[in-house]
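Welcome, and thanks for taking a look at this one with us. Please have the sequence and the model open side by side as you read.

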Amino acid sequence: MLNEFTGTAVHHCRASYFNDHDARPVLCGAHLLRELAGLKEPGSRWAEEMNEFLLDLHGMPRPILAADEVRKHDRISLEQAEREEPPPQQGKRGKPKQSPGRNRLNRLRTHPEGALTFALEAGMPFTNNPAERELCGTQVKLKVSGNFRTLEGAPVYARLQAVISTFRKRGENAFARLRELFSPRAAPLVERGQVVTFN
């Protein structure tokens with residue numbers, strides 16, 4: 001699906017998401033904060049400062065007009081990280097091993113705009129958590145049930161989940177709307193194809 005997507009993809013930095021497609025990558029702020037929190041515990045100063053910087057940006061009205069100042073602060077933080085993080089250590093074989101902090105630093109240096117886009121562009125989300133929550137129910141069902149009983153049941157479940165999610169996003173009572181949708185009075189509307197899409 002990502003191969004044909006040409007918009008902006010907010011994701012959690014899986015390496016394959018950056019390869020061989022035209023989507024513009026934006027890094028999920030919630031994932032970045034979790035990773036930085038993991039580096040803060042052993043005492044990483046740059047991770048603590050970057051964590052505070054991202055939280056400050058998230059709390060400001062967006063888009064932030066002082067884009068040059070934001071980028072400058074980001075560069076200074078990455079320069080500090082470069083001084084703090086140990087260089088890769090060569091083991092007995094294979095590629096030199098990098099510390100977790102060095103890995104995070106390299107990612108932020110490779111995609112500097114990806115971590116700041118939420119602050120600099122109007123309408124850009126800070127996190128991809130809503131998209132992950134959409135998948136969570138299906139994952140729970142697979143874990144609890146082991147699988148769907150039939151091949152036909154899986155797409156039916158997916159369609160119902162999409163309908164329920166749409167009702168919730170519109171601020172409607174999902175149970176009441178489903179009752180209405182499946183009531184005998186609504187059936188002719190469905191048959192005539194008037195109830196077809198849910199965004």
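Here is a short tour of the fold, the nonpolar core and one surface patch. Keep in mind that this is a predicted model.

**Overall picture**
- Of the 199 residues in the chain, 31% are buried.
- The accessible surface is about 13,600 Å², with 55% of that area belonging to carbon and sulfur atoms.
- Counting contacts between residues at least 6 apart in sequence, 51% link residues at least 24 apart.

- In soluble globular proteins, nonpolar side chains tend to be buried together.
- The largest nonpolar core here has 25 residues, and Leu36, Trp46, Met50, Leu54, Leu57, Val70 and Leu108 have the most contacts inside it.
- At least two residues of this core come from each of helix H1 (29-40), helix H2 (45-59), helix H3 (67-84), helix H4 (100-110) and helix H5 (112-120).
- Helix H2 gives the largest share of this core, with 6 residues.
- Beyond its neighbours within four places in sequence, Leu36 is in contact with Trp46, Ala47, Met50, Asn51 and Leu54.

- Val156, Leu160 and Phe182 make a nonpolar surface patch of about 280 Å².
- Leu160 sits in helix H7, which spans residues 153-169.

Conventions. Residues numbered from 1 in each chain as written. Predicted model: local features only at pLDDT ≥ 70, side-chain atom pairs only at ≥ 80, totals over all residues. Heavy atoms only, no water. Patch = residues over 30% accessible without salt bridge, like charges linked within 9 Å, V, L, I, M, F, W, Y side chains within 5 Å. Areas by Shrake-Rupley, 256 points an atom, 1.4 Å probe, with all protein chains shown as cover. Salt bridge = Lys/Arg side-chain N within 4 Å of Asp/Glu carboxyl O. Helix = DSSP H or I, 4+ residues; strand = E, 2+ residues; numbered from the N terminus. Buried < 20%, exposed > 50% of the residue type's maximum accessible area, 1.4 Å probe, protein only. Contact = heavy atoms within 4.5 Å. Core = buried A, V, L, I, M, F, W, Y, C linked by side-chain atoms within 4.5 Å.
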